[in-house]
Each structure stands twice: as structure tokens, then as C-alpha cells.
Amino acid sequence: MSNRQEIPRRTFLRGLGTAMALPLLDSVLPVRAFGSSSAAAKPPTRMAFLFVPNGAHLPDWTPRTVGADFDLPPILQPLAPLKEDLLVLSGLTHDKGRANGDGPGDHARSAAVFLTGVQPLKAEGAIRAGISADQLAARVAGKQTRFPSLQLGIEPGRQSGQCDSGYSCAYSNNISWRDESTPMAKETNPRLVFERLFASELQKDVVENQGKRAAYKKSILDFVLEDAKQLQAKVGGHDRQKLDEYLTSVREIELRLERAERAQRIGELQGFDAIAEYGKEIGDAPDSFEDHARLIGDMLVLAFQTDVTRVATFMLANEGSNRAYRPIGVNEGHHTLSHHQNDPEKLAKISRINQFHARQLAYVLGRLKSIKEGEGTLLDNCMIVYGAGISDGNRHNNENLPILMAGKAGGTILPGRHVAFSQETPMCNLLLSMLDRMGVHEPYFGDSTGRLPWLEG
Amino acid sequence: MAKAGFGVMMIRFSSLIVALLIGAGSQPASGESLEFEKELKPLLSEYCTSCHGKEKQKADINFEAYNGTPAFLKERKHWERVQEMVRTREMPPENKPQPSEEERAAMVKFIDLALAQLDCDGAVSPGRVTIRRLNRAEYNNTVRDLIGIDFNPAADFPSDDVGFGFDNIADLLSMPPILMEKYLAAAEQIATNAIVAEVHAEPPVHRVKPRQFQFGDEEVIRLENGVLGLYRTGKARAALEVPSEGEYVVTIRAFGHQAGLEAPRLAVSIDGKELKVFDVKASEGSVGTYEFTTRLKAGKRQLEVAYLNNYNVQDHADPKLNGDRNLFVQSVDVQGPADFQPAPLPDTHTRLIPEMPPPGEEMAYARKILSDFASRAYRRPAAAAEIERLVKFVELAKAEGGSFTEGIQLAVQAVLVSPKFLFRWELDVGQAGAGEVRPLNAYELASRLSYFLWSSMPDEELFSLAEEGRLNDPEVLQAQVRRMLLDPKSKALVENFAGQWLQLRNLEMVTPDPDLFPDFDEPLRVAMRRETELFFDAIMREDRSLLEFIDADFTFLNGRLAKHYGIQGIEGDQFQRVSLSESTSRGGILTHGSILTVTSNPTRTSPVNRGKWILEQILGSPPPPPPPDVPELPEEGHTIQSASLRERMEMHRANPDCATCHNKMDPLGFAFENFDAIGAWRVMDGRFPIDPSGTLPGGQSFNGPEELKQILKTQDTFVRTFIEKMLTYALGRGLEYFDKCAVDAIYDGLRQNEYRFSTLVIGIVTSDPFLMKQLEGDDT
């Protein structure tokens, strides 16, 4: 471990908006079984969803030509160096994001349906959607890793007021749902994400105090499980449901402890103390959107790189977000602008915001691509879906969504193309096909009508 | 699905009220009979029954299936949905004949009135609240009051989801794994901060370990298996930090390889001065302890151990004298000073553990300590079986070689992550059948009170009253409300209720354009919020009229905010109460910088947002959002230079699709156009003079904010909205149709009592929804 001292700590993880020195970490990371050049172990497939709010200016998003020789419209320009890794998917629809009799509230619905494919219950004081595709994947892929999944974002939830027309704010602030009534809260503070993944107390207990403290922790978990079970016998209805949420969460932490112990036993945590040391440089959320987005993006990449998890979601903003992107010269709020009424000036600004978001995607993809894994790169073993649940922010329509995919999912996807599907092709078909690649084989998902063809080329 | 109608309900219930204020039409006397056959049926027949009638029953709806008047109350969900469809123009579909605006409004209103015909004298449900997880503010405050110091442990928790404008709505307070993790980490942090695991009754021992010694030649001295081996005559030195001057006991654990006539001789020096010499007669396997007392000065001292009499003879005539004598030092303990005063234990520690148990009494002490703690944490007396399970943590700690206090730490951690602590329970054990109603017990009531007014657990007084069974006495309850409102902890009601009702929390997120509003900075943002909080606090503590929220002759300003408002004579950072003269345009929350800023866009004011805010927060009638795909305004572009905002908005309203809602919102918002996007006074908007006049849909006209405030003040709508908002917050659930009875009763009380703040709170606290609960089972 002598090379550790040679890495100047100051160059690490400053969040200065420039590419950070994380690649250097490769030198201290353990060589994973699947990272070796022996063909014995195939690297696992990772799945991530990056969400952007308020739709996109589609004329600047959709390539005019289909197939391998597609053009990159203005919004996708920041992704030019990664064109060979992109699969632009036009024509996908989320029908359950439409009103279908539920009246206004398109923003809330579009986020709630994005990964669930389920029409959410319209209510401010109750939440019902469905399990999201990432969580379904996490049930299987998450068994192999210390964290079944990771939820990241930039904006915390709204603190007061209404979010959207009679829908609880939970719908606008989350895209990942563990079950129909439990949205998976996201972490927006890069320091806390880091501590959770690499420097948590839970892990320290296992690594440093294998005896006493681990026994204490377990006895506390046993105690509260017993409490919950006793109460379970006495309650029904919504109370019961809340208690079930509690039980599931406690059990997940028990599992995590077990996995951390196992990882320690088989030497998987070697090198993590080095990461933890460098992580001390990571601060709370910076003011600049781009710095913040890159730091969170770094966390996602690091989590995949170290195989701490294989499933992640990242909301670049909450649905309906009205952030003003001043550094790129947009002083009006994003949501306000998205009701553009075809005003060319507003459309130009929307397009600029969309492009700015795509730049953040380009950063994450670039980082994934820079990391060697097995015979290729980390990106080759990922499938990253990027997009919105609304198509045009002015019309709030849910067909022809702006969606693209990156990575090869271990060679099962052929990127470098633009594929245009027929109108009304369910977005859930894509989710179902992605689930296949995560080892989750379902007959259908949401309103899917089948697998999405042509992903393989 | 009992809760499905919440969102719709709130809107519907309030839109009736607003219809009375700004809608056209006469107020119906209560009990006035509604004639379905005459009023609603003809409209349904004309516009709906071609798809929802005898011939076709799309969506399983048949409006021609009724013999006489439908049972509106029984079919509430159905009719609310019908109303929502008509109201939001989802129905009839675009390609079918459309009712006129008047007809549409008549249908909506008829259903409103039909659903509002509730007999409050009969049996009215008090509703049912799901168990409530403590939200972030409640968790912080509860830990503060339970443990005794303010840790702000919830700072890193994920934010709680908001519904009905509040983050304490039971059904939305979910428990994802990340939150459970945070609870576990926080519990450990709290327990270790509050309780000292190792309590020193004796002076502390500083141990110098062999590896801390320095020595020269390895032939002479070396470290072997963690023991300092002195093989030849020589010395080893180690640094010793002496905390304060005093008598210290130095204890050396050592043994020797015995040879020759003498035992190995060990000399101990400090700072080069030899203090004691020992003959180390102990052998390997029976380590000896050598002890002396000496006075040491504070600071860095040098400790030295020396081996004085090496002996190594292998060829002696007397074989008994052959041998190699060596000295081994295992450790040097320095204990002191003798007059050591144990560091005072933190209050949090002595509060939980007033004294250490004498030997043999540990389990009895643990039982008492944990019984007190768990009863407060669970906010009701802990049962014997619960306490026994907690006491096991002390046994566990002892078994693992830990201390008594470590065991208490563990038990405290376990309590802090137990569902009994994290959720507020109102269990129905042993109660009557499903769907029946029961009064809350005294402990449940104490918690409802304290979480409503303090966002925290009950205090000792509430607990004692609960124990004595007196809390349910209406007079006691009233006295408690008055006491609690005056307690400093009621600032939680300002921060959490007012902060969310008035959306002050959103002030943190506004980003006025720095080029257009260079005056806006952090101190101003903070001052704006402070003004409104202090104002709310004054109305609460001074038990003033709720109407003063709309119109008041005082406010609170510091120098920065007074300058922003153009009010002379206020200097400094401190806030002071300021009387507002007739000549100023300020007075009441609608003219506070906080509200005016929170409702503006980054680059300009938004009369629409301001109007919408007033409809939502003051008049309780949120307008529907704009329909998607609003048609382009052809005027836009060149008119932006040639017409005022008002003129442009009026063009907008010429479109009948927009007019229905904008006729309600825009006049309310335009009344405040003299206040710019950060609440500063202005008379011009760019090149255009401000015109703050307007006409409400009901026909009342006003000229500027003062006159509008007079209109708002003389209506019951604001007061009723205020009741609804606070009742929602107090209960942690959205209001249901039957809550109208409680709102009516609270309103009557307020009207008879000058709309005093305490009357509102007492009205809520003594209402059925607050005092009772419906048992699980009946789903309506």
C-alpha cells in the first residue's frame, strides 16, 4: 500500500467541476475477480436511470436519421465523444402518465410512472404507485452487493406548499419505489452518500470491532424486530402497512450487516480504508449545479466501480423543478419556461437547459468509460437510461418521450444507433427488456406489451 | 380505499366556500332542498347520458339509473369524481356538445351542495389517523426533550414528503431503508453523547506499554512478544504525559529470569532522577507487581526503567550459580493524581442515571432507570415485560465485559429505534368492533396535544395530568392549551405550521435575478422570514384576532428590512415591534416581503402566482393548473415592449378557456403589483404606471391592497380556511367531508370570541376529530 502516500490528497475530490482524480483510485482498489483478465468471471451488469424534469425540446433532441449513421441534434451535442455508446430510443410512451380520468397533475404523474409504469393514485394524503423497475432489479442483483440499490438526486423534497394538483409531493420527488407505498428517498448530499457507502458506522463495526459492537448492533436489531412483531399482531389496515415498511427496512439493514461481514471475511473490503481516507475531502452539496451534479455522478460511478451496488437512480432535478440555471444564462425558472407557448426565445432557453443536463450525463458516461473492467470498460457493463417522463413541457404529453440509453449491458445491447419505434410503444417494454438483463424475468411489467426489439442490433 | 378522496375532498369542500365569497349566486340557507330532477338531471340528460345512460354505460356509469334523487352522501366517491371531471373539463369529451360555463358551474355547485348536506347533529365520524412516524422536526424536538440537549440529529435525514402543504401527514411518512439507517446511526450518536460509558470513580490510569519505550542496542534490550526484555545492564526510556501536579502511584508489572545470588534489580527514574529500586523476585509465569508513590509535576516527563545487575555465568564451580539473569517489563501504570476530581458527568447522563448502582443492585437500578426512560420515550407507561427485555441489554453488556452504563447506552439506543418510539401509536387493543368510535386515552391525548403545539413529546405536567386521568377534563385541557401556547416550545408551531402554511420555508429556495434585484441578499432573506415568524408569534402569544393576519397595524422590523420597506427610523440588526401608520402600505401578511417574494418569479412579479397563493392559502380554493398546451399568445413578442403586464394578462383572459380561473386569480394578484418581486414598493413597472385596482368575479371592486384586505377580512372564508389548514396540521391527515361539522363548530366559537387565536386552538383540541378516533375496519 505504499503507493497510497504518493497520491497527493489535495488533488482528490474537490468538486471543482473539473474531472476529479478518481481514476487514480484504481491503483489502490482491490482487483476484483471479474476485473482480472482471466475469462473465468464475467463482470456483472449494472443498471442506472438518470431522470430530468419538465420534458425536452424534442426538435433539438430527436436525431433526424435512424440507424447507425444518426446525427446529433443540439441537445445531444455534449455527448458527441460518446456517440458510439449511445442508443437513442424514439417513440416510447408512458400511457399511465396520462390523465386517464384523473384530471390535472401531469408532472407528478410523469415522475411516478417513469419507472413504475403504474398510474399513481391521485391523492395528497396517501401514496400508491407500484414497485419500480430498478427496485425489482435490486431484489435480484442486490443480493450480490452490500447495497441493493442507490438513490441519488440534487434537490431535496419540497418543504411546504403544493407540488402538483392534488398529488402528494412524494410523486414528484421520487422515481424509485420499493413497493406501491414506499418511495425510496434519495440522498442529495455527496458527503453523506460517500459516508454511507464507504465509511459508515455499520461498516466500521464489522471491520474494526468484529466482536463486541457487532454483537450489540445485532441485539438491537433483534430487539426492535421483536417489538415490531408484537405490534403486528395488534394492528391492521394502514397502520399495518407502516409497520411492514419498518420491518422491511430493519431486515434490509440486517442483511447489509451480514454482507459487510462476508465481504470483510473474503477480503473484499481491502482498499476501502484508502477510499475512506480520500473521501474526507468531499464536502456537502456545493452551490453550483454542475459541481453538485458531478460530485453525485462521481458517487454513482464509484459505487459501480467498487461493486458496492449494481442498481442506481439519479434525479438531476425533481419533477416540476423551477430552478433557474444562471451559469448558462437562463434566469427564469425551468418549469415556468417549459410552458413555452412556442415562444422561440423560451424554446431556445429550454433547449439550452436540456443540453446542460445532457452535459452532466456526458460527464458520468465519460467517467464510466474511462474505467477499465474485464476486457472492456465499466460503461460496457452498464445500461444507463436517461430521459424524462414528459415529452413536451408545454403540452404535457406522454408519447414519444425523450429517452436514450448508453452502455452495452455486457454485450447484450448494441449502441451507436438511433432506433425509432412505432408510436405508442410502451416505455415499459424497455424496462421489461432491461429487467431481463438484470436476471429478473417477468412476464410483463406495468403496461408492457412485450420485449423491446432491436436493442441487440 | 378510504383515503382516495382526500385531495379531491379538500378542494371540493373549500370551493364551496369560495363560491360563496367570489362566485356569483345567492347563498343557500342550510337545509334548503336541492331539486335533482329540476336542477341537475336536465343537464346530465343533455350532456352526459348519451355515453353514460341506458344505452351505453361507459366506465360503468349510468345517470339514468336513478328513481328520484340519487343517494349523494352514500355515493360520495362517485359524485366527487363526476364533479372533478366536469370541473376540470375532462368531460364531456372535446368532440361532444359542451355545456356553457354557467351550466358547468351549476353542475359543480349542485354536487357541492348535495354532498355538503351533512347532519352534524347525528353520529359524525371523528375520522381515523394512521400511526404517525415522527417527522424530522418532531424527531429533533423529541430527542431534545427526552435526552436533555439539542443534538439536531435529524439534520442529515431525508426530507419528509409533503401533502396538503404539510410534512406531518401520517400516510406520507414512509420508512425507506435509508431512513432506518439514519435512525440507527442517530441513536448511537445520541446514546454515546448523552451517556458516559466509563465512569471514573478512581483517578485515571495512564499505561505506558513496552512498545512505547525507546532503547539503543538490541543486544541489550529488545521487544519480544510485547514484553520489554532487558538482557544486559541498560536503560529504556518512554515519554510520560502528566496531566496535573500531584501524588501518583507508579505500578510496574515485571518478572525476571532468576540466576545467581541476587534477583534482577529494576530502577525507575523520572526525568533522570532515580526514585525507586526493586528486586524483581517474580518469575515468568507469575508476574510481580511493584509499586511506589511519588509526586509528579504536570507536563511531559521522561520515564526510565533500568536493569542494574546483569549476570550471565555458565562455568561456575557451583552449578546452581550458573545461569543468565534477565529482567522483563510488561507495563508501567501511572495512576493519579491522588486528589483527582472526576470530570463532572454531563446533565444528560445524570438525568438518566442519577447514581451508580452499588454492587449487586445493578439489575434493580437498571429496571428503574429503563422504566422511567422507556415510559417517557414511548409516551405512556412502559409495561413490565417491556422493561425486562430492555434490562437484558445491561446483562449483555456485562457478559461482553462492558460496564453498567454501556448496557444502559445500548438499551437507550434500542428504545430510540423501536417502532414504539419512532411512531405515535393509538392502539385499538381490546376495543369494541370495527368502525366504532372511541375517545383517546389520556396519554394519547397528551401526545396529540404536544405534537400539535410543540412538535415534541409531552412534558412532565402533561404526563402527570394523564396519569391522574384529568387531561380529558375540558377545563384542564383549555388551561393546558393556554400554558402550552405561552411556553417557548410553541415556537415549533410558528416554524412548522406557519412556516408551511405561509410557505415561508420556500423562501430558502427563491432566487431573485441578481441583475434585476441587486438589493436581495442573505440578510434580507433571513429578515423577511423573521418578520413573518415574529408576527405570527405575536398573534399567538398575545392571543390576538386571526383577522390581523390579513390586516394589522403593527409588524416587526430590523434596520435592513425597514430600509427595504422605505420605513424610517429603524436601525440595527435587532428586530423591534413597529406600529404602522395609516400612511404606510404595509400591514398584514399579504404585504410582508416574505410572502411577496415567495410568490414571485426570479425576474418579475407574478400576479397569477400571488393570486393563486391567496386562493390556496387564504381562501382555501386552489385553482386547477393551467390546461396543458395553452394556445400561443399571438400578441407576445412585440407587445412585451408596448403593453403593461396587466394589459397583456387581460388579453390572455380574453380566451374563455383561461378566463374562468384567471378571473379569480389575476385581480387578487394585481392588487399587490405596487410591491415588486422582492416586496419593495414601486409605482411604476418599467415604463408603465401600476394600476392596483380590480373586480372580483362576484362583482365587488377594489382599488389597491387596502380595499382588497377589507373585503377579505369581512368574509368568513379566510377564517374557515385557517381552521381547515390548522386542523389538517393538528390531525396529520387531510380533512374528510364529515370534518365539516368540526370546522363549523370551531368557526361558530371563533365568531363569538373575536376570532382569538386561543379560541381556534382550543376549538381544535376539543373537537371530536382531535379527541376521538374511529376504529380500523369501516372503510368510509
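**Where the chains meet.** I began with the contacts and found 81 residues of chain A touching 84 residues of chain B, with contact taken as heavy atoms within 4.5 Å. This is a predicted model, where local features need pLDDT of at least 70 and side-chain atom pairs count only at pLDDT 80 or more, while totals for chains, interfaces and linings use all residues. For my bookkeeping, residues are numbered from 1 along each chain as its sequence is written, chains are lettered from A in the order in which they are written, and side-chain values use heavy atoms, leaving out hydrogens and water.

I then looked up the area: chain A and chain B bury about 7,000 Å² between them, and 58% of it is on carbon and sulfur atoms. Buried area here is the accessible area (1.4 Å probe) that two parts lose on being put together, summed over both.

**Salt bridges.** How many salt bridges did I find between chain A and chain B? The count is eight, using a side-chain nitrogen of Lys or Arg within 4 Å of a carboxyl oxygen of Asp or Glu. I noted Lys420(B) with Asp227(A), whose closest N and O atoms are 3.2 Å apart.

**Two helices in chain B.** Next I checked helix 20 (residues 607–618) and helix 25 (residues 717–731) of chain B, whose axes come within 8 Å and cross at roughly 65°. Helices are DSSP runs of H or I with at least four residues, strands are runs of E with at least two, and both are numbered from the N terminus. The axes are lines fitted to C-alpha atoms over the stretch in contact, with angles from 0 to 180 degrees between N-to-C directions. Helix 20 and helix 25 of chain B are therefore roughly perpendicular, a label for 65 to 115 degrees. On the helix 20 side I listed Glu616(B), Gln617(B) and Ile618(B), which meet Thr717(B), Phe718(B), Thr721(B) and Lys725(B) in helix 25.

A reminder to myself: most residues other than glycine have a negative phi, and most peptide bonds are trans.

- Gln341(A) has a positive phi of about 50° and sits in the loop between helix 11 (334–338) and helix 12 (344–370) of chain A. At 15% relative accessibility, Gln341(A) counts as buried (under 20% relative accessible area, 1.4 Å probe, protein chains only).
- Asp543(B) has a positive phi near 50°, and I counted Asp543(B) as buried because its relative accessibility is 18%.
- Gly336(B) and Pro337(B) are joined by a cis peptide bond, with omega about 0°.

How values were computed
Angles under 35 degrees count as roughly parallel, over 145 as roughly antiparallel, 65 to 115 as roughly perpendicular and the rest as oblique. Buried means under 20% relative accessible area, exposed over 50%, partly exposed in between (1.4 Å probe, protein chains only).
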